[in-house]
Amino acid sequence: MAQAAGGETPIDDVGDESAVRAVEAERDNLREFIKELSGDDIKTGGWFTKLIARALTTYTDKATWEYFQDKYQGVPADAIVDQRIKMASRYAALEGGLSAGAYTAAIVATLGSLGGASPATVPAAVSTLVIDLAFVTQLQLRLAYDIAVLYRVPVDVRDPDDLWKLIRVAFTIKSGEVAREGVLKIVPAMARPLIKRYYAKGALTAGRGLPFVGKYLLQRNVIKVGIPLVGVPLAVVLNRYTTIIAGRHARAVYRNEARVVEAATKMAKKTKHPQLLLWVAWLVVNVDKKISDEEALLMRHLVSLVKEHHDVLDEALREVVDIDTEEILGRLEVEGGDLSDVIAAAEWVAAIDGELNKHEERLLAEIRKRALRPL
């Protein structure tokens with residue numbers, strides 16, 4: 001039987017019965033995990049920290065580029081990502097249906113009085129809520145990781161910066177806001193005012209002190225509790241829709257990063273003037289006095305790739321604070337010869353974060369003029 005989204009291997013596209021069995025098996029696994037949580041873990045967000053370790057520690061060893069290449073031989077990354085978002089949302093919806101029947105309105109009040117509760121005294125109803133929460137959280141976290149791997153974007157979950165980015169991508173607040181608006185269009189009309197009230201005021205007053213991510217995820221789940229006339233349909237819709245939104249957001253972020261890495265790779269491989277390339281690229285990045293995320297990412301990879309392909313590491317560039325535009329443009333004239341690779345790289349850098357601005361256009365014109373000037 002294929003492993004569910006929460007298992008130790010990536011999710012598989014299987015029939016309905018196998019998918020339900022896989023979801024049930026993972027819920028049983030998570031039930032054991034939840035038994036170790038105290039009331040304070042749930043209220044303070046400690047559950048989230050512990051779940052991250054469970055969700056990623058061994059999973060990342062198995063969800064590799066080689067694994068996906070073997071499973072989807074010859075299929076472009078975009079197509080695989082789309083398929084995995086659909087599969088993950090399917091598993092999330094199945095789990096929502098299984099959990100919803102156990103929800104009661106009393107859970108909200110019970111959560112508010114959990115402070116100091118030991119694992120043995122956490123009510124069964126709350127455990128059901130947290131199992132649902134942990135399942136979807138783990139599913140979305142792993143889905144975001146899968147997408148990064150498929151786009152060949154390196155994510156080291158032992159690196160705090162990489163891990164925090166993965167968390168932001170998987171659980172963006174913007175996604176929750178979008179999900180709210182989408183859900184309002186799908187659920188019965190009579191339930192919409194209640195949903196708006198839950199999102200606007202927060203159903204769990206006691207949760208205001210939770211860490212940011214844990215609070216957001218917990219409150220998002222509480223919306224499925226105690227709303228009359230909705231029950232299972234709302235749990236299914238919310239689980240499915242928030243997973244789709246998380247997957248699409250991860251696709252946008254990591255696909256864009258893959259695009260930047262691809263551009264840096266082409267520049268580094270094609271150039272015959274690696275040191276000059278780095279200085280011109282940095283000049284273009286700085287010309288409008290602001291550095292976009294794409295530009296910063298491009299320079300980071302470009303420096304690394306130039307070192308890898310040409311064994312060039314410019315210490316002066318690393319230490320420069322105020323860039324001398326005229327001095328760098330003068331290097332183009334001194335270098336001479338065919339500088340088409342440098343010109344092309346400058347154009348790539350200028351366009352990496354969108355439409356060119358007037359500063360970039362003027363600088364590119366000057367670069368072409370200096371690079372093409374006969375000796």
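**Pockets and cavities**

H9 gives the most to the lining of the largest pocket, with 6 residues. This is a predicted model, where local features need pLDDT of at least 70 and side-chain atom pairs count only at pLDDT 80 or more, while totals for chains, interfaces and linings use all residues. Residues are numbered from 1 along each chain as its sequence is written, and side-chain values use heavy atoms, with hydrogens and water left out.

**The terms**
- On a 1 Å grid over the protein atoms alone, a cavity is a set of points where a 1.4 Å probe fits but cannot get out; a pocket is an open set with protein on both sides within 12 Å along at least five of seven lines; lining residues have an atom within 4 Å of a point.
- Points join across faces, edges and corners, and a volume is the space filled by probe spheres set on them.
- Helices are DSSP runs (H or I, at least four residues), numbered from the N terminus.

**The largest pocket**
- It holds about 480 Å³ of space.
- Of its 19 lining residues, Lys165, Arg168, Val253, Glu257 and Leu297 lie nearest the centre.
- At least two lining residues each come from helix H9 (160–170), helix H13 (232–270) and helix H15 (293–310).

**The largest cavity**
- The whole structure has 3 cavities of 30 Å³ or more, and the largest cavity has about 60 Å³ of space.
- Its lining has 10 residues, with Ile11, Tyr59, Leu139, Leu143 and Asp146 nearest the centre.
- H8 supplies the largest share of that lining, 4 residues.
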